[in-house]
Amino acid sequence: MPNRSDSPSPANPGPDLRTVTPREITQAGDRLSITWADGEQSLFDVRELRLACGCASCVDEWTGEYRLDADSVPQDVHPIQIDSVGRYAIQIRWSDGHDTGIYPFDRLRAMPTSAAPKGDPSDTIADPSD
Ligand SMILES: [Zn+2]
């Protein structure tokens, strides 16, 4: 009886990403933290998020070629506004004026997160070069 559509289609294994929604989004300094509805947490470096923008200005929509010049993005770029887009994404308005980037939840969830919070640079910055 409870099985309405509990079995995912074979072509789409893994968790049903449509159900992966943020429960809470908080920004602290240069970190953006997303707590997902299932209790998982993702921590992003906000500039990395900016660089990961997949909008048509940053990525060629036909070739998929990355067009954003990382050097053009200020080191201190940060979200000034975060809006939800439907039930599947957030749109981030950035301090550098860029506001066309939409970040689908499933993409955010799949992105590598910055696990270690900053705060103790001497401990987190490892420079293997001598
Ligand atoms: Zn963009």
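How many helices and strands are there in the protein? There are three helices and six strands. Helices (H or I, at least four residues) and strands (E, at least two) are DSSP runs, numbered from the N terminus. Along the sequence they follow the pattern β-β-β-α-β-β-β-α-α.

This is a predicted model: local features need pLDDT of at least 70, side-chain atom pairs count only at pLDDT 80 or more, and totals for chains, interfaces and linings use all residues. Residues are numbered from 1 along each chain as its sequence is written.

Three strands form an open sheet in the order 1-2-3, with antiparallel pairing. Strand 1 (22-28) and strand 3 (41-45) are the edge strands, and each pairs on one side only. Two strands pair if DSSP finds at least two bridges between them. Strand 2 (residues 31-36) and strand 3 run antiparallel and are joined by five bridges. Ser33 has Leu43 in strand 3 as its bridge partner.

Next, Pro79. This residue is found in strand 4 (residues 79-85). Pro79 counts as partly exposed because it has 19 C-beta neighbours inside 10 Å. A residue is buried with 20 or more other C-beta atoms within 10 Å of its own, exposed with 12 or fewer, and partly exposed in between; C-beta atoms are placed from the backbone. Across the protein, buried residues make up 11% of the 130 residues.

Leaving aside residues up to four places away in sequence, Pro79 touches Gln27, Leu32, Val46, Ile92, Arg93 and Trp94. Contact requires C-beta atoms, placed from the backbone, to lie within 7 Å.

Technical notes. Two residues are in contact if their C-beta atoms, placed from the backbone, lie within 7 Å.
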